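This report covers salt bridges, backbone geometry and one surface patch. The sequence and structure come first.

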Amino acid sequence: MEPLQWIDDELGERQRAGLLRTLPPPLTTAGAVVEVAGKSIINFASNDYLGLAADKRLSEAAIASFHQQGVGRGASPLVSGRSMVHEALEKRLAAFFGTEAALLFPTSFAANAGIIPALVGMGDAIYGDEKNHASIIDGCRLARAERHIYPHAKIDALATLLEAGKKYRRRLIVTDTLFSMDGDLARLPQIAELAHEHDAMLMVDEAHAIGVFGANGRGVVEHFSAAHPKLPERVHIRVGSFGKALGAAGGYVCGSAALISWLANTARTYVFSTAHPAAVSAAALVALDLVDREPERRRGLLERAAELRERLTADGWNTGRSESQIIPVILGSPERTMEISEKLRDRGIWAPGIRPPSVPAGESLLRLGFTAGHTGEMVERLLETLKKVRRSE
Ligand SMILES: *Cc1c(COP(=O)(O)O)cnc(C)c1O
């Protein structure tokens, strides 16, 4: 038998189960409206929440940096790959979040995969929400610590696990702050209270929340800290991405100077990976400025997302636990989900179907990413088209 025959077999099995994924047609740029195969389509399939991904100010900063700093860095940041633009972004990030220091990673997937094993190992324990992002799950797998997974948002279950686990050397609680498929928030004040009580480290991932949540767009930690002023100091490790609301690419972590120094020494995805082009950091710097200078991008976004959710619910769709700009339309079966997604696409609406293993079996959904670029008219089109598609079922 051919050594790779098993791949054909496995792909066939996925196809029969309605779980085979195919890549969508490639796009020129991101945006609320995109061209797909010569047709314009309303795009609810991105995380470009502030509408910055195709902003000229980001690309101009990147172009200027390409001219000055070139493309490749030639080495990992620890060797010689770190440019002055990377350093400027790290300083800006630390100031932005009010932490002592910050460190850049090639992506936030790489950040999670590298940071968690750098913090806990043999004899330690990790506590994580079952719906944490794949990169957190992989980071936990790479760490040789014992893993304790609690049911989604069940703080009592986390408390019980912590109570029963006093024997470990070090303990780390890790959670998404805004869950990427359900669109709901982690109960950070309660989680931070537990971490404090049990002397556990607390690491949060704000990938979908930075730029959107909080009075100043700092994320869910800021959102809750108005009522819980001790929260920021109780979150020890803050990870996030430039690839979503900030319209650029790359990951970061913010925290104490000692933490950052430790990670620069020991996080393998930092130490053994080439620094990203300085141009990426140049674009990210502009994006952080725009979070401060153009608050109107985030103001109203969550209110308009809430309106869309209410309209969807009134039309009989199930939006689950969403309380953010991430709005799932939960349909259950993967076949029905893909069928509705395709019918929407034929009618000019891009709402990607999400199936296992990205969501648990029986929870297939259309994932709507609501962004600053979506107008009222686009929302009406979405709601109308969904109704039409249901009538055609
Ligand atoms: C998307 C996402 C990531 C990965 O971010 P990239 O910068 O795109 O690698 C990490 N964590 C969470 C919670 C995410 O949703």
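A residue is called buried under 20% relative accessible area, exposed over 50%, and partly exposed in between (1.4 Å probe, protein chains only). By that scale Lys91 is exposed at 56%, while Glu87 is partly exposed at 32%. The model is predicted, so local features need pLDDT of at least 70 and side-chain atom pairs count only at pLDDT 80 or more, whereas totals for chains, interfaces and linings use all residues. Residues are numbered from 1 along each chain as its sequence is written, and side-chain values use heavy atoms, with hydrogens and water left out.

Salt bridges

A salt bridge is a side-chain nitrogen of Lys or Arg within 4 Å of a carboxyl oxygen of Asp or Glu. The count by this rule is 21.

| Glu87 | Lys91 | 3.6 Å |

Helices (H or I, at least four residues) and strands (E, at least two) are DSSP runs, numbered from the N terminus. Glu87 and Lys91 are four residues apart in helix H4 (residues 84-97), which means that about one helical turn separates them.

Glu363 is partly exposed at 31%.

Because Glu323 lies in the loop between helix H14 (301-314) and strand S10 (326-332) and Arg187 in the loop between strand S6 (171-176) and H8, the pair ties together parts 136 residues apart in sequence. Both are partly exposed, Glu323 at 30% and Arg187 at 29%.

A network of salt bridges links Asp55, Arg57, Glu294 and Arg297.

Backbone geometry

Most residues other than glycine have a negative phi, and most peptide bonds are trans. Ala153 has a positive phi, near 65°, and lies in the loop between strand S5 (146-150) and helix H7 (155-164). Ala153 is partly exposed, at 25%. Asp199 also has a positive phi, near 55°; this residue is in the loop between helix H8 (188-197) and strand S7 (201-205) and is exposed at 71%.

The peptide bond from Pro356 to Pro357 is cis, with omega near 10°. Pro357 belongs to the loop between strand S12 (353-354) and strand S13 (364-369).
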